[in-house]
Amino acid sequence: VQLVESGGGLVQAGGSLRLSCAFSGGTFSNYQMGWFRQASGKEREFVAAISRSGGSTFYADFVRGRFTSSRDNAKNTMYLQMNSLKPEDTAIYYCAATSRVTIQTTKYTYWGQGTQVTVSS
């Protein structure tokens, strides 16, 4: 399984970005997908997860109401729509895949290389 993130960049506070995660090397619909982020000098943290069908999502408290995860199983792609961005959202964002089915899990097997998101004040 290979995962490739895209869509990161520099945005002003209050702005929006949409990240994409392209999946290959397996059957996309067999995997629950997640987003994580790691700010400079901090540990990686969970951001969002989406079930295999896309029917269920789960978010960290600090992004709930601002970020939306979605997926298109026909295109083997997952998305993270990020609105009302804050400077504290600045981090490298990673997508990940797991065969586990518990939406709250943080145990993911496959990881992308990450995409930088920078939010200026």
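Which strand pairs with E9 in the antiparallel sense over two bridges? Hold that thought; point 4 has the reply.

1. **What you're looking at.** This is a predicted model, where local features need pLDDT of at least 70 and side-chain atom pairs count only at pLDDT 80 or more, while totals for chains, interfaces and linings use all residues. Residues are numbered from 1 along each chain as its sequence is written, and side-chain values use heavy atoms, with hydrogens and water left out.

2. **The overall picture.** The protein has zero helices and eleven strands, so the pattern along the sequence is simply β-β-β-β-β-β-β-β-β-β-β, with strands being DSSP runs of E at least two residues long, helices DSSP runs of H or I at least four long, and both numbered from the N terminus. The radius of gyration is 13 Å, close to the 14 Å that the globule rule gives for 121 residues, so the protein is as compact as a globular protein of that length. (That radius is taken over C-alpha atoms, and the globule rule is 2.2 Å times the number of residues to the power 0.38.) Along the principal axes, the C-alpha atoms fill a box of roughly 40 × 25 × 25 Å.

3. **The four-stranded sheet.** Here's one to trace by eye: an open sheet with strand order E1-E3-E8-E7 and antiparallel pairing. Two strands count as paired if DSSP finds at least two bridges between them. E1 (2-6) and E7 (67-72) stand at the edges with a single partner strand each, so one side of each is left without a neighbour in the sheet. From one strand to the next, the twist averages 15°, using axes that are lines fitted to C-alpha atoms and angles from 0 to 180 degrees between N-to-C directions. E1 and E3 (residues 17-24) pair antiparallel over five bridges, and leucine 3 stands opposite phenylalanine 23 in E3.

4. **E9 and its partners.** Back to the opening: strand E10 (residues 110-111) pairs with E9 in the antiparallel sense over two bridges, and there alanine 97 has tyrosine 110 as its bridge partner. E9 also pairs with E4, antiparallel over seven bridges, with phenylalanine 36 opposite tyrosine 94 in E9. Three bridges join E9 to E11, again antiparallel; in E11, valine 117 is the bridge partner of alanine 91. In general, strands of a sheet pair through backbone hydrogen bonds, either parallel or antiparallel.

5. **What's tucked away.** Seven of the eight residues in E9 are buried, and across the 121 residues of the protein 43% count as buried. Buried means under 20% relative accessible area, exposed over 50%, and partly exposed in between (1.4 Å probe, protein chains only). The protein exposes about 6000 Å², with carbon and sulfur atoms supplying 45% of it; the areas come from the Shrake-Rupley method with a 1.4 Å probe.

6. **The core.** The largest nonpolar core has 33 residues, of which Met33, Leu80, Met82 and Tyr93 touch the most other members. Such a core is a set of buried Ala, Val, Leu, Ile, Met, Phe, Trp, Tyr and Cys residues joined through side-chain atoms within 4.5 Å. E3, E4 (32-38), E5 (45-50), E8 (77-82), E9 (91-98) and E11 (115-120) each supply at least two of its residues.

7. **Contacts across the sequence.** Of the contacts (heavy atoms within 4.5 Å) with a separation of 6 or more, 56% are between residues 24 or more positions apart. Take phenylalanine 46, found in strand E5: at 13% relative accessibility it counts as buried. Setting aside neighbours within four places in sequence, phenylalanine 46 is in contact with Trp35, Phe36, Phe58, Tyr59, Ala60, Phe62 and Thr106. Its C-alpha is 16 Å from that of cysteine 21, 25 residues apart in sequence.

8. Most residues other than glycine have a negative phi. Asparagine 76, in the loop between E7 and E8, has a positive phi near 55°, and at 29% relative accessibility asparagine 76 counts as partly exposed. Serine 84, in the loop between E8 and E9, has a positive phi of about 50°; at 41% relative accessibility, serine 84 counts as partly exposed too.
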